[in-house]
Each structure stands twice: as structure tokens, then as C-alpha cells.
Amino acid sequence: MSTFITNCRIVSAGLDIANGSLEIKNDIIENIFHNNITEIPTGSEIIDAQRNIVFPGFIDIHTHGAMGCDVTDGKVESIEKIAETKLREGVTTFCPTTLTLPFEDLKKACESVEEYKRNTTFAKVAGMHLEGPFISQKAIGAQNPKFIKKPDINFVRDLHNVSKVAIVSFAIEVEGASELIAELNKMGIVPSCAHSSAIYADFKKAKKYGLKNITHYCNQITPLHHREIGLVGAGLIDDDVKLELICDTIHVCPDMIQLTFKVRHADNIMLITDSMSASWLKDGNYKLGGLDVIVENCAARIAASGALAGSTLKYYQSLKNVYDITGIPLSEIIKVTSYNQASSLGLKDVGKIEKGYKADLLIVDSNFKPLKAFVNGKKFIL
Ligand code: FE
């Protein structure tokens, strides 16, 4: 039996159909129609989208938690709650993201994610994102300095054996970082520069070894100076390094969002939430990696230092912010929510609306708030 979504605007990378229809068969996009079809085989399910927009499901490659749960809780219930909450934001695939913590805690996080993957009930997992522990003391942000380690590929390999690691975020200027980049590439893991005091020369060296991404671009990396362009300069000048960007307008101001998109367009930017456990909850006192966090006016900060401690951003809101700030057409800007992430992670069957792709879809209102989601063709009313 097929499901037809009718009466909808369909937007995907390079595609914008004003009033079309879609057919889903099992877990696959079976057909895309450039008109609002009315003759539908009997026995099919029909969903009238009432002129709302259909997007590919969002892919959040950097999220620590939501709704009171953290990826490093070490409990499958936490991963499930995060997957459920992220789906309400429109995220159909995510990378559970860890913090700078001892190996045993990270191993438990991997075990809980692996258990969730065996019975995926909400958003799908693309692989773990290890943020730390190979970071710089000089760009600590919301990470715990007690558990910083030197780059160690065996540390990653041991966790990868528990649950597939998709991304490792680390400082590229520390001893052993170049070797780590090379080894990660061999393992098919994306190396990403994070929490780093690297200069531009370090970046160029890391690129030669195979550096792919900059983690939460602009946050906890070296700023741009006119005699040393640092990592912020590197993100603007380099043609193919991919940039994670937290577009809550707190982590990066609207002018910087505009500048980044003006220089790099929508091609190599990936929106992330970097959400922490307080997302979807009220302002108040929380914990992150054992550190006290205060959330005030939706901004989460480490109590002791005032450093930003992840976000409370909902994924669809980040797209709305970027769309409003840049004015880039939807069929172009939508790439930063799914298509770019899928190509970065080497996911072949998700990230856009195309015949034969997985039916990971959203029906969203004019503010991009998801009303319905489909994960592998399974419908969720949000
Ligand atoms: Fe971080």
C-alpha cells in the first residue's frame, strides 16, 4: 500500500515544486509529481498537506541532549527521549554527541546508543560524534578540563568497536593531531577541528592530512585577526572545509551568519543545534558533563565561567533564522539542513527528496515548524 502526500510545496536541494504530490511506498520515495494529483489508487493512504511545505528530514550531526536527557547519561531511555524530542524539531537522523569525559563514561554512552539502534523508535542514528577529549586547554568552552587527553586513535577505535563513530572533534594543533586525522580518514570517520587555538598554518597542515570539518564554526576557535586569520579566517578562505554552524543568533550573531553565507554560500555549511539537556525545558539550573549550567533567556552558560554551554535551539528554528537573515532561496538554503550533512557522512539514501531515496520527510508550516514527520516511511504526528 502506498501513502500519497498531496497539495504540498515540495522543497529539496535544487528542487521547488509549488503544488505537487509525493508517493511513499514502504520506506522509499516512490514518485514525485509536479502537480497536485487527484486520481489516487483505491486503498492508498492520502495525506492532504493543505498547502504546507514538504522538506527532507533534517540531519543534526551535533546534539548532546534534550528534554532533560544527555547522550552521556549512559541509559538507552535517555537516547530514546533525545531521539523522540529531536524528531519533534524535524530531525530524522542525528549524531549523538559526547563531551570530554573519561573513557568508561564514553563507553557507556556508546553502549546506550547501540542499544537504541537495535530498536530505533524515533530519529535514526548516523553514528556517534565524539566531541573531545583531545581538545585544547586554551579553548575549553563548556568542556571539562579534568578529562582532556592527547590524541589517541586506539581510544577512538575502542569506542568505535562498541558503536560506530561518525565524527571526532578535536584540537588540530596538539601533538599527534596530524596522525589522528590520517587514521580517522582510514577508518571512514570525519575529522573535525574543535576547541582549538590553532593558527592558519596549523589548519593548512591539517587539511593536507585530511581535515574535513570545523566544529561549531566561530565558537571556541581562534578568531580572525588581520595579521593572523586563525580558524575563523580559515573557514572563510578555504573552499571545501565544511562548517558546522549554530544559528540561534546567540552563538553566532546575525551579521556573522550573513558574512559566512555570503562567502561560503549554502554549499559547505551544516546547521547544528549543539543542543543540551535543557532544550525544550524552562530556564533554570542544569548540568553538562558534570559542570553546573544556568539557562537564562534560552542561553545556556557554565555557571563558573559564563562560557556558552551548548544551546537550547530547536532545529527548525535554526533554518528559519538563517532563511530570514540571508534571504537565500529555500531550494538552496535547505541544503544546510540535510543534503550537506548526508554528503559529509557518506549517507547515500537520505538528505534530499528524490525517487528511490528513503522516505525521511517533514510536513512543515510557513514558520518551518514540523507538523508531521516520516522516518523510513513511518508517519509521526507531531
Ligand atoms: Fe563544543
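Reply: Domain 1 and domain 2 bury about 1700 Å² between them, 73% of it on carbon and sulfur atoms. Buried area is the accessible area (1.4 Å probe) that two parts lose on being put together, summed over both. This is a predicted model, where local features need pLDDT of at least 70 and side-chain atom pairs count only at pLDDT 80 or more, while totals for chains, interfaces and linings use all residues. Residues are numbered from 1 along each chain as its sequence is written, and side-chain values use heavy atoms, with hydrogens and water left out.

Me: Where are domain 1 and domain 2 in the chain?

Reply: Domain 1 covers 2-55 + 360-381, and domain 2 covers 56-345; such bounds come from an automatic or database domain assignment. Their centres, taken over C-alpha atoms, are separated by 30 Å. To the contact (heavy atoms within 4.5 Å), domain 1 gives 23 residues and domain 2 gives 21 residues.

Me: What makes Asp360 and Lys124 a salt bridge?

Reply: The term asks for a side-chain nitrogen of Lys or Arg within 4 Å of a carboxyl oxygen of Asp or Glu. The side chains of Asp360 and Lys124 meet at 2.7 Å, N to O, so the pair qualifies. Between domain 1 and domain 2 the count is one salt bridge. On the side of domain 1 that touches domain 2, the strands supplying at least two residues each include E1 (2-12) and E21 (370-375). Strand E21 gives the largest share, four residues. Strands (E, at least two residues) and helices (H or I, at least four) are DSSP runs, numbered from the N terminus.

Me: How do you know which residues are the protein donors of the iron ion?

Reply: Donors are N, O and S atoms within 2.8 Å of the metal (3.2 Å for Na, K and Ca); water is not among the atoms, so sites may look incomplete. Glu131 (OE), His195 (NE2) and His216 (NE2) lie 1.8 to 2.3 Å from the iron ion, so they count as its protein donors. Along the sequence, these donor residues are spaced E-x63-H-x20-H.

Me: Why is His216 called buried?

Reply: Buried means under 20% relative accessible area, exposed over 50%, partly exposed in between (1.4 Å probe, protein chains only). His216 has 4% relative accessibility, so it is buried. Glu131 and His195 are both buried too. His216 is found in the loop between strand E14 (213-214) and helix H6 (230-237).

Me: What makes the side chains of His216 and Glu131 a polar contact?

Reply: A polar contact is a pair of N or O atoms within 3.5 Å; within protein, one must be able to donate a hydrogen and the other to accept it, and residues adjacent in sequence count only if both atoms are side-chain atoms. The side chains of His216 and Glu131 make such a contact at 3.0 Å.
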